[in-house]
Each structure stands twice: as structure tokens, then as C-alpha cells.
Amino acid sequence: MRYRLHQDFTCTASAVRGLVYKFACICFHSLDRIFDIVYWPVISLLLWGFTSTFVSTTSSSSQVIEFFLGGAVLWSLFWRAQSDVGTFILEDFWSRNIYNLFASPVTSLELFCAIGLIGLLRCLLSLVFLSLLAWFLYTFNILLLGGIAIAVFTTELLLFGWVVGIVIAALIFRYGLRIQVLAWSVGFIMQPFSCVFYPLASMPRWVQVIAVILPTTHVFEGLRHAIATGELAVRPLLTALGLTFVLLVAALLFFQYALRQAKKHGLLTRFEMA
Amino acid sequence: MPLLEIRDLCKHYGGVEALKSLSFDVERGEFFGLLGPNGAGKSTTINILLGLILPDSGAIRVFDQDFATQQVEIRRRMNVAAAFTSLSGVLTVRENLRVYGHIYGVRNLNAKIDELLERFEITDLAQRRLQYLSSGQHTRVTLCKGLINDPDLLLLDECTLGLDPDIAEKTRRALQQFQREKQTTVLFTSHNMNEVEELCGRIAFLSRGEILRIDTAARIKSLIPHQVVEVKFRPGTDLSALRQMDGMLRAEPSGDSTLRFVLDDPERQLDSLLRRLTQAGGYIADVQITRPTLEDVFIKVARGEI
């Protein structure tokens, strides 16, 4: 039977609206979905805030706190974005709604647009809360980076977060709920390779080979440059953007492949998928 | 022009053939039943029609459009209510219906939701979260979701499962009324034979991925040609003598003073049977004819006897 891939990349505003409404309702009705907007980011901020405060007392560098806290705040955006894609899709598996959802005219693009919109809102809430907390606890003012820099860093991290989330969603469709733990853990696995708190040059050679293909590495290199010089380094950010775009296309194609495989093997109708 | 055309649909799962070159048409406005034992291929057929399973080969045309290439467009005009599925448990009934109303692009959504809740007598549940509903209430919400977009093609998979007899009857009435009002084409599966017989104009009887027969319930029942005739005699009648009559094949005792006869052609044989029993000295007190039901056909199909 012939199948046209472009069908899954059509998008209607009403379907996106319906899905955004659903995700918003899930957030409002579920305390843990509200709580997780701030829980892990705050833990991370406290951990790196106290660590950097201690290190600053033994270091000659006056910008240790900015490096660590800037990294912690921005990393939480990436983590939030990537885990939101996985968990919002998992909600439908858990509630056995995946059958009705995929039997409806909803397309993959509409699903990701809706998750992106609700994820953006959650990330912004998280950013505002963390920024206020960082200023209150450590007198770290993230706004000193400049509005454009914050917007660029945030955009790139959100985009790459969604890329990783889409890959995890694809794996869930292909291999079922037995790999659901990836939705929360991939961020932690990627963190050591993303140069969040230390420069690329400080890592062993073999780790640099991995790190250099991650857009996050270039974003955090750019962040440290912006903190150190007060200027936005264009090159690492363009590298990050280019890598993100390539990986986004690859992730969407991989998702389509995984979804097609799931349909071929009848996995969408087996709700446990364990 | 049929509203739904299925041609040579095949599906394998590993070495198991779930569908073997399945072909059938469903006409516009028809209430069409898919009947068969577990593993016959009913749900696989429905899931392929929903785009949830990809077939190995075959062609499907819905609304005169190719399903493989126009699937998203076609699904806007279809819907499904399947008893074993769910909606979002943390959302209220109204919120769930709003979600699907938006997805299907329904206009005057609030009015439509109110109409459906009233139709299935669950208006009082509108603000309740789905996770707190009973299975019967849940089933009716699923039906409301299935009708939210006034679908041209509605797929109902075991949609009255878990309903008590009273609610099941009301639900069937509501579905029939909806179908007549909107001239919806319905593809219906159920293990409740009476329900299938009551609702469906034509039935496709599936077994092991193949269509055994497509016909009305009455004609499908004729797959079992014989009927059972139970003759009750007045007390004191010598049944052993009656059983030994020439040509009295397959007569067997069935309780005190009763004999059971299996007739292959009851219209021709019944008159002759009763006359001969009387002539042989039998005083007949009562005669009961048991015609095969859809359930009898189902059981024989499931056991591979047909």
C-alpha cells in the first residue's frame, strides 16, 4: 500500500489548539506536572549555586558564579524542553489514549507543534522563576547577558531539547514503555558531554569528539564567552543552529520511520507496549 | 458507489496470517456488522481502517478517496468508539470532548457536547474526571467522542461492552437514532449476537482472516441448515417404539416423555414427522421448533465446524 509521508507534515490550527488545550488541562489538573516545572531546576540551581560560591572563595576568577549559575539556569531549559516531549507523549500511553489520538486526524507535526507551544510556556515559567531565585540567593542577574543573548541561547536550547525529545518519542513508539526512563534520563546522560560548566578544551580528546557534535556544547561555549567579554560570539551560535537544524530534520524523519514501524507491527493498538 | 471499498487486504504478524485477501464493500448509510471469533481479523480490519496498522498489501477506498494517500483528510470524516480504549483520565468528560472537538474542527462545540451528553444521558458527568467514572459511564463517554464530529463513517468496536442491559439497550437506541438522523455509515463489531442481529442490515462473518459470508443475519443463520424439533408426548406414551420407527434418524430422548429430532429440511419434513408419530401411537402434547441463532453459527465457526 502506498503511503505519502507529507500527510504527516500537514498542520491545522484547530488540531494544535485541541492538543495545547489537552496538555494545559493535564498540567492544571496534575500537581506533579506543575511541580516539575521548578523542582529539578531549583535543585540544580541550589547545588551549583552553593558549589560556585565555595569555589569563588578559592579561585582567582571573579566570574565563577556567573559561569556556574548561567550554565545551571540555561541547562534547565534544555532539560525541560527534552523531557516535556517525552512525558507529554507518555501521558497518552499511560492513559491508553494513544489509540484514540492516532485514530484521529492529528498529524505528527500538529503533535510536536502543540508540545512545543506548551513546552515553551513551561520553559519560560521555569526561566523566570530560576532567574528570580538566582538573583535573590546569589545576586546573579541573568539579564546582564542582554536580551538578545538570552533569547538566542534559549531558542537554541529549546530547539535542541525538542530534537532530543523527538528522538526519545520515536524510540518509545518503536520499543514501547520499557524504555520510558529515557524521557527523564537522557538529559543527565548528555550533560557531561555538553560543556555546561567547563570549556570544551578542558575535556579529554575523545570526549571532545563527542561534545563537538552536540549543539549544547556550542551554546555553553557561547554563554561563557558572553559572560567573559560581554559580547555575543556569532560563530559558536551559528554552529549550534546549523547542527540543531540538521539534527531536527533527522529526528523528524526518524520519528516517522519509528511510527511507521510501530504501525507495521501493530504496536499502537497494544497499549502496554512493555 | 460504495462508501467503503476494501480489496485484497492482507496482513501478517510474523508467521500468522491475520487477514487473507479480505474484500468487501459497505454502502452509504449502511449499518454493517463484522462478526467472528477472537482472532478472526475484525479488530485488525478496523485498526487498518483507522490507520493504526499498516497492511502488507491491498487497497482501501473511503469516500471515493485512496486511504493510503489521503488518510488524514479521510480521518477527519471518520471516528471510532472502541470499548477497550480510553481518553485522558485526568481530564473531565467535557474537557476530553473539547479536545477531540477541536481536533476534528467541530463548530458550535459546546452545543454539540451538550447534545451528545444528553443523548447518552450523562449530562451530570460533564465535570467529572474520567478516571473516576465506572466502566459503563466511561463507555458512553467514548461513544460521545466517537460521534463528536458527526462522522460519515463510524467504526464501533465492542462499543457496548461493560454496559448493564438497560443502559446497553438505551445506548443501542441512541446509536440507531443517531445513525438514522445523520445517515452515518457504521462498521460495527460485537460479541453480542443479539445486538449485531438487531442493529446490522448486513453482516460479514469472518473466520481466520477470511470472510466466510456476507449477508443478512437471517441468511447467515441458514449456514446451519437443520432445525431441532422437540416433541412432547402425553405421559404413558411408549417412546422406545417411536424411536425405532423406520426412517426416524437422529431421534433422541430429551427429558421425560420428550423426543428431539434434528431435521435438515424442516419445511418438508415437519408435517410428515408429526403425521408418522401420530400414526405410530404417539399422543402429542407440545411441539417446539428451535431455529439456529447467530450464536449457534458463531460457535460452530469458532470450533471450525463450518
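This is a predicted model: local features need pLDDT of at least 70, side-chain atom pairs count only at pLDDT 80 or more; totals for chains, interfaces and linings use all residues.

Reader: Why are helix 4 of chain A and helix 8 of chain A called roughly antiparallel?

Author: Look at the angle. Their axes cross at roughly 160° and come within 8 Å. Angles over 145 degrees count as roughly antiparallel. Therefore the two helices are roughly antiparallel to each other. The crossing is right-handed.

Reader: Which residues of helix 4 of chain A and helix 8 of chain A make the contact?

Author: Helix 4 of chain A brings Trp75(A), Phe78(A), Trp79(A), Gln82(A), Ser83(A), Gly86(A), Thr87(A), Leu90(A) and Trp94(A). Helix 8 of chain A brings Ala183(A), Trp184(A), Val186(A), Gly187(A), Phe188(A) and Met190(A). Of the residues in this contact, 10 are nonpolar, 5 polar and none charged.

Reader: What makes the pair of Tyr39(A) and Trp40(A) edge-to-face?

Author: The ring centres are 5.0 Å apart, and the planes stand at 80°. Pairing needs centres within 6.5 Å, and planes over 60 degrees apart count as edge-to-face. So the pair is edge-to-face. Both rings also belong to an aromatic cluster with Phe35(A), Trp79(A) and Phe188(A).

Reader: Are Tyr39(A) and Trp40(A) buried, exposed or partly exposed, and how do you know?

Author: Tyr39(A) has 36% relative accessibility, and Trp40(A) has 41%.

Reader: Why is the pair of Phe68(A) and Phe197(A) called stacked?

Author: The planes are 25° apart, with 5.8 Å from centre to centre.

Reader: What does the pair of Phe68(A) and Phe197(A) tie together?

Author: Phe68(A) lies in helix 4 of chain A, while Phe197(A) lies in the loop between helix 8 and helix 9 of chain A. The pair therefore ties together parts 129 residues apart in sequence. Buried means under 20%. At 15%, Phe68(A) is buried. At 12%, Phe197(A) is buried as well.

Reader: How do you know whether His102(B) is buried or exposed?

Author: Its relative accessibility is 9%. The cut-off for buried is under 20%, so His102(B) counts as buried. His102(B) sits in helix 3 of chain B. Beyond its neighbours within four places in sequence, His102(B) touches Ser14(A), Ala15(A), Arg17(A), Gly18(A) and Leu109(B).

Methods:
Residues are numbered from 1 along each chain as its sequence is written. Chains are lettered from A and ligands numbered from 1 in the order in which they are written. Side-chain values use heavy atoms; hydrogens and water are left out. Axes are lines fitted to C-alpha atoms, for helices over the stretch in contact, and angles run from 0 to 180 degrees between N-to-C directions. Helices (H or I, at least four residues) and strands (E, at least two) are DSSP runs, numbered from the N terminus. Angles under 35 degrees count as roughly parallel, over 145 as roughly antiparallel, 65 to 115 as roughly perpendicular and the rest as oblique. A crossing is left-handed if the near helix is turned anticlockwise from the far one by less than a right angle, and right-handed if clockwise. Contact means heavy atoms within 4.5 Å. Ala, Val, Leu, Ile, Met, Phe, Trp, Tyr, Cys and Pro count as nonpolar, Asp, Glu, Lys and Arg as charged, and the others, Gly among them, as polar. Buried means under 20% relative accessible area, exposed over 50%, partly exposed in between (1.4 Å probe, protein chains only). Rings of Phe, Tyr and Trp (its six-membered ring) pair if their centres lie within 6.5 Å; planes under 30 degrees apart count as stacked, over 60 as edge-to-face and the rest as tilted.
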